Each structure stands twice: as C-alpha cells, then as structure tokens.
Amino acid sequence: METTITTSVRVAARHIQRGNLVAFPTETVYGLGADVFNRSAVNKIFRAKGRPSDNPLIVHISSTGELRKVADKIPRIAKELIRAFFPGPLTIILPKRHNIPGNVTGGLKTVAVRMPDHPTTQRFLRACGTPIAAPSANRSGKPSPTSWQAVVDDLDGRIHCILKGERSRVGLESTVVDCTTGRPVVLRTGAVSIERLRKVCPGIRIAARKRVGIPKSPGMKYRHYAPKAQVKVIDSPRREITSATAAYIGLTRPLAGFGSAKTCGSLRDYARFLYHFFRLCDQKGIKTIYCQRVPHRGLGIAIMDRVRRAAHR
Ligand code: TXA
Ligand code: MG
C-alpha cells in the first residue's frame with residue numbers, strides 16, 4: 001500500500017473514519033492510531049507493528065468529556081490524577097466500558113486512557129470525532145519513534161497515513177498508573193515522575209520490575225526499546241571504551257574517539273534524544289552504545305528504565 005505523508009489533520013482523520021491506520025505525533029512519542037470502536041481497524045495495528053495481540057493499547061482522548069465513552073467508572077484517585085496531569089504524559093488504567101472491543105484491551109476488563117498535550121494531536125483527535133486506540137508507532141521490539149522520519153523507517157508501505165509533526169518534545173512514553181486497585185500503582189515510569197505523582201497521591205508506589213505470573217501491564221514482559229547495537233550502562237565515558245564503532249550518550253562530555261556521541265545538557269535532553277540516538281547509531285552501524293547512568297530520581301528513573309530494558313539481552 002502507498003503511505004500518504006501529510007500535515008493535514010483532515011486528511012488524516014478521513015483515513016481514521018475509513019477504518020485505516022494513521023501514525024500521528026504526540027508530546028511523548030509518535031502513536032499508531034485506529035478508531036477505538038472499529039474492531040477490524042484495531043486488528044490492523046497488531047499486524048502493522050507485528051505486536052502480540054495480548055498487549056493492550058492506550059486510548060487517546062481529546063477532552064475529559066470523552067472519558068465516559070471508554071471508562072465505566074472513574075475512581076476518586078483517578079479524578080485527582082486527571083485534574084493534576086491531563087492533558088499530559090500520563091496514562092491511567094480504569095475499568096473499561098462494555099462497548100470497547102476486546103482487542104483494544106487484550107481481553108482485560110480495564111482500559112488505558114491518555115489525553116496528549118500537543119496541539120496537533122488535539123486537532124487530529126477532534127477531527128476524528130472518536131477516541132483513538134494507539135500504541136507507539138514502531139515495529140514491535142524497536143525503539144519508539146520520536147520523529148515522523150522514524151515512523152517512515154518502520155512502517156512505510158504498511159499503513160495508510162502518517163500525520164507529520166515536529167520531533168516529540170518528551171521523547172519517552174507516558175507514565176502508566178493503574179487506578180483500578182485500592183492503592184494506585186505505577187506500571188510504567190515516564191515523564192510524570194513519581195515525586196510529582198506523590199504530591200497528588202501520597203500512597204502511590206512503583207510496581208516491582210520482576211513479577212511472577214501474568215504481568216499487570218502485559219507490555220512490560222516483552223523486550224522493548226532496543227536498538228540493534230548492544231547497549232551498556234556506564235558511570236562515566238572513560239578512555240578505554242572509546243572506539244569508532246562505539247557510541248556514547250550521557251550528561252558528561254566524553255573524550256574524542258567515539259563513532260557517535262551525544263552530550264545532554266539535562267535529564268530532559270537525555271530523555272528527548274535517547275531513542276533518536278539509538279536509531280541514529282543503528283543507521284551508522286555502531287556496535288556498542290554506552291549510556292551514562294543517572295541518579296534514580298525524577299526523570300532519571302524513566303531514563304534508566306528504558307536504558308536497562310535496551311541493555312537486557
Ligand atoms: O506515550 C505513550 O504512552 C505512547 C503514545 C503514543 O501515547 N503510547 C505508548 O503505547 O507507549 P504502547 O502501546 O507502546 O504502550 C502501552 C503500555 C504497554 O506497556 C501496555 O501493556 C500498557 O500500556 N497497557 C495498556 N492497556 C493496559 C491495561 N488495561 N492494563 C495494564 N497495562 C496496559
Ligand atoms: Mg510501544
């Protein structure tokens with residue numbers, strides 16, 4: 001199929017209304033969307049990405065008014081999180097409404113909901129007139145795309161339309177919080193830090209990384225975010241590891257000699273460039289990517305989560 005690349009939210013929304021897939025920008029990463037109520041359109045997402053069908057999707061809404069189209073009930077704590085962080089890089093898990101097709105939620109009784117904080121995404125969602133089910137717009141197993149060019153690399157010829165926007169401002173996926181149990185749990189760390197969540201919800205905790213049995217968030221059991229190159233975590237970019245086939249990303253400026261290097265001015269920068277850098281390194285044929293460890297707080301927790309997953313073989 002031919003993939004239309006457009007800046008027109010109308011053209012993109014028409015594709016959604018016809019039951020086609022559209023990749024679209026958000027502040028976190030690019031998403032691959034379908035009309036949440038169109039079961040066969042949702043099925044196409046799994047085929048295009050090569051995604052396991054038990055891994056549920058996030059439903060994207062343009063206003064809090066749309067919550068009742070997808071969720072059965074909104075617990076008090078969810079209301080507080082919504083008030084504090086919507087629109088923004090926070091996804092909350094709620095009891096699902098009966099009319100949401102089972103393939104959106106991987107057969108679960110819950111649904112993940114997020115309201116992106118990005119003007120183009122908002123215009124696109126409003127033009128669609130329906131909530132949009134969307135995972136990240138990468139081929140399964142690859143780093144999430146933070147630019148429309150990265151979406152082209154992964155999905156050109158496999159989807160009908162790419163809505164072109166700027167590079168994603170955050171660069172990492174949203175924080176996912178389960179609000180369906182008594183005490184809210186962070187299932188995936190992200191741009192909304194645990195410290196900020198605690199201000200609204202003091203009892204919140206981060207789910208243990210290793211769980212036995214069925215993971216609460218099915219996506220967390222798959223290998224993720226990984227470039228072809230081997231990823232290694234280091235404390236500082238020492239001379240011994242410099243090489244033309246090695247790359248480095250971190251906060252400390254490295255010595256010359258890496259095939260590719262990115263010095264980040266802040267944790268925000270690190271988050272914003274990480275996936276982009278992974279993809280760049282693969283294009284250059286880099287063999288090893290050294291990622292500098294950052295302290296385990298704030299955005300550092302999400303950065304280290306993604307780096308460790310990429311490093312895990
Ligand atoms: O920033 C983001 O969240 C991006 C943009 C496009 O919005 N989306 C994204 O989607 O990262 P995806 O599919 O790559 O990751 C969704 C995560 C997965 O780990 C999935 O298992 C989890 O959310 N999830 C979705 N529905 C769930 C549910 N009902 N219960 C538990 N986990 C759920
Ligand atoms: Mg993903």
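Is Phe24 buried or exposed, and what is its relative accessible area? In this predicted model, Phe24 is buried, with a relative accessible area of 0%.

**View 1. The aromatic pair of Phe24 and Phe124.** A search of the whole structure finds three aromatic pairs. In the pair formed by Phe24 and Phe124, the ring centres are 5.1 Å apart and the planes meet at 35°, so the pair is tilted. This pair links distant parts of the chain, since Phe24 belongs to strand 2 (residues 22-24) while Phe124 belongs to helix 5 (residues 119-128), the two being 100 residues apart. Phe124 is buried, its relative accessible area being 0%, and for Phe24 the relative accessible area is likewise 0%.

**View 2. The aromatic pair of Tyr275 and Phe278 in helix 8.** Tyr275 and Phe278 form a tilted aromatic pair, with 6.5 Å from centre to centre and 45° between the planes. Both residues lie in helix 8 (residues 267-283), where Tyr275 and Phe278 are three residues apart, about one turn of the helix. Tyr275 has a relative accessibility of 0% and therefore counts as buried; Phe278, with a relative accessibility of 0%, also counts as buried.

**View 3. Lys262 and the ring of Phe273.** The close-up is centred on a lysine and an aromatic ring, namely Lys262 and Phe273. Lys262 lies over the face of Phe273, and the distance to the ring centre is 3.8 Å.

Methods. Residues are numbered from 1 along each chain as its sequence is written. Chains are lettered from A and ligands numbered from 1 in the order in which they are written. This is a predicted model: local features need pLDDT of at least 70, side-chain atom pairs count only at pLDDT 80 or more; totals for chains, interfaces and linings use all residues. Side-chain values use heavy atoms; hydrogens and water are left out. Rings of Phe, Tyr and Trp (its six-membered ring) pair if their centres lie within 6.5 Å; planes under 30 degrees apart count as stacked, over 60 as edge-to-face and the rest as tilted. Helices (H or I, at least four residues) and strands (E, at least two) are DSSP runs, numbered from the N terminus. Buried means under 20% relative accessible area, exposed over 50%, partly exposed in between (1.4 Å probe, protein chains only). A charge sits over a ring if NZ of Lys or CZ of Arg is within 6 Å of the ring centre and within 35 degrees of the ring normal.
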